[in-house]
Amino acid sequence: MTKVSAALLAVIGIVAITADWLAPYGVNDIDVAGALQPPSGSHLLGTDELGRDIATRVLVATQASLQIAVAAVAFAFVVGVTAGVVAGYLGGWTDAVLMRVVDVMFAFPVLLLALAIVAVLAPGTTTTILAIGIVYTPIFARVARASTLSVRVEPYVQVSRTLGTGRIHILGRHILPNIAGPVIVQTSLSLAFAILSEAALSFLGLGIQPPEPSWGRMLFDAQGFMHRAWWMSVFPGAAIFVTVLAFNLFGDGLRDVLDPKQRTVTAARKNQ
Amino acid sequence: MSTTVLSVRDLRVRIRRRDIVRGVSLDVAREQTLGVVGESGSGKSMTVLAATGLLDAPGAVVGGSSALGGVGDSPPTQLVGASARTLRRVHGGRIGFVFQDPGTSLNPLLTLERQITESLQAHRNMTRRQARVRALELLEAVRLPEPESRLAGYPHQLSGGQRQRVMIAIALACDPELLIADEPTTSLDVTTQAQIIALVRDLQRDFGTAVVWISHDLGVIGQVADAVTVLHDGEAVEQAPISEVFEKPRHPYTRQLLEARPQIGGDGPPAVADDAPVLLRVAGLTSAERRVEDVSFQIRRASTLALVGESGSGKSSVAETLTGLLEPDAGTATLGDADVFGVRGAGEKALRRRISLVLQDPFTSLDPRMRIGTAVGEPLVVHRLAAGRRGRRERVAGLLEMVGLPADLASAYPHELSGGQRQRVSIARALAVEPDLMILDESTASLDVSVQERVLDLLLGLQRDLGLTYLFIAHDLAVVRRMSHDVVVMRDGEVVEYRPAGELFAAPEQEYTRALLAAVPPELPRCPT
């Protein structure tokens, strides 16, 4: 399953990079006469209300959607895990302050917070990345802190401390590798949700700005034509579905691969 | 004539194409105790769990037969391959179980009454009132103090020994024909262990229960069992009455087990010169948080001082203060001429290099995600003790060799190693800093006897060759006898007795020391009654 999902993600990545070249039409080629065509030989996935090729727009939108999801989660990962590990390992005041900030962020509904951030800054790609990144930071902080709390009292960490090992070394060599499991699972879940969040923001008209395509934006445009042109919503929806699923499966597999114990078990099973 | 309660024939367990149990047969009769002995991985728990239908391992295939009871006219119940419904009726009703860890065998959220009466209501159709009366009787039978007020209490309000008493009460609630005790005293202190052993023997006499007692400790088995089955690698290598096994063991493995037992009447380590300089001086060590009060002792260079005591006596807290894991409230400690408490910065780093620590559990004291070589080399990196990657690799290989491990183990992960190997790795890591003082906190307590024997030999050899000084923390007095020159007996955070080992073992002065020594299972089994 890991291999299948990895291959799928690779394909999605390649599509994102080569979309402009793969696409049969220009992204914004308007053809009012050929508007709302169902899937056919010339337009594999049909056309939208302005006669733009859906296949082209789904392919090109991969770029924006992936870019936003990956960048936003990377932001959340770096900030959240750092805050969580530091809070969990140091404890005391640092922990109290950092975690209260996280609590406050958690208190806002995800989309509302993202909306507020986008409203303050101007809508656009960078703003969307920042908004989603900030919204997902507290989850990483909590997961990292909880895992750190349980790992820091493990005897191997204690022994390392008694040998005079410095904090940075302990955090880097003992804590981080041992909290990797839950953090990785969180990353794959967050990547999936980030794609959905981007779709939601764009759907509300606050993410990617027209005429640039994004899967969410395409769904937004499709809602007025739900009954007349099902292909306008189904294909971008399917793209979201497949990508989210691939991220989830890949995260599960990655966690097992990174665990030396699991690795031996898997190898032993294969040898039988 | 005794009647057979459990009759197991040619029991086999196979998990993922590996034979865990290979054709074990055994019988237990009424009022009899069968001891099942073996080291970790010998299949002793698997055998008994499979025989009683409690084996819950994914993909396990159980073969052979195991018949329970048949007392009177009723036919025996076949437990291998029995339906879930049959097993539900049998478990708790006709077979009672007591497991090793009394800390986790009880549900922390339920009152003792609920937990004891659960099986009574399920199997005996008792009303709550009747069950409550029976629960009271049981708590009295297992000699729990103030049973009436305990019924409404929760497990966390009890000590380890008391919890194990409650477990026994639960196991005996429905008057089972058979009691399975899987290492029931292993996590208890010796004095508590002695009480539990006496309790089970008395209850067995009163109730006529058949008992299967699983243990790695031949000393304990000698005190409880009438007959012994010695398991090795899933096979019963010896089955005989207890006195025969001790007097003339037939199988070489049994002999090996018997010989590997450290004995309290044995010899101590080679003597150290009386004028050997003092390496560590601890005076007035006090920690209010851990209830450690005014602990003082000193260790001469190249000698071993043992800290002995039951759980909660504060012996590990002493180790924690010396290694900087716990801040003491008062007291001083000097290592050579350096202060141990309250140093910071560069002084602290230099000090940590001079005191190293080996912990009890070889399964948690190594980072599961770090290769052995990296783990052993970590102190070398921290203290910049080896030049470059190459120098470090050579030094790690040397250290592994020193503890009797092949150098190519450096690329393995901890889970690929056995318990004994891991403990050797922990020792190698502690040696890497070339410490003056090594603190061994129950470092051999969780190892099998034969493995423990070899690790103790290793430690003695290292002391002889490198002139190492040990602070040896242990609860096993026989091991202490073998390792130490001086002994500090601790109780409730205070020093009870502090004397040279030879004198202390020959003629203990304090009542508590005498009680500790008396609670150690004797080398020979009790006379069959």
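**Reading contacts and packed helices**

User: How many residues of chain B are in contact with chain A?

Analyst: Two residues count as in contact if their C-beta atoms, placed from the backbone, lie within 7 Å, and by that rule 25 residues of chain B are in contact with 19 residues of chain A. This is a predicted model, in which local features need pLDDT of at least 70 and side-chain atom pairs count only at pLDDT 80 or more, while totals for chains, interfaces and linings use all residues. Residues are numbered from 1 along each chain as its sequence is written, and chains are lettered from A, with ligands numbered from 1, in the order in which they are written.

User: Which elements does the secondary structure of chain A hold?

Analyst: Helices (H or I, at least four residues) and strands (E, at least two) are DSSP runs, numbered from the N terminus; chain A has ten helices and zero strands.

User: How are two packed helices described?

Analyst: They are described by the angle between their axes and the distance between the axes. Axes are lines fitted to C-alpha atoms, for helices over the stretch in contact, and angles run from 0 to 180 degrees between N-to-C directions. In chain B, helix α4 (residues 112-123) and helix α7 (residues 160-172) pack at an angle of about 25°, with axes 8 Å apart. That makes α4(B) roughly parallel to α7(B), a term for angles under 35 degrees.

User: Which residues of α4(B) and α7(B) make the contact?

Analyst: Leu112(B), Gln115(B), Ile116(B) and Ser119(B) of α4(B) meet Val166(B), Ala169(B) and Ile170(B) of α7(B).

Terms used. Angles under 35 degrees count as roughly parallel, over 145 as roughly antiparallel, 65 to 115 as roughly perpendicular and the rest as oblique.
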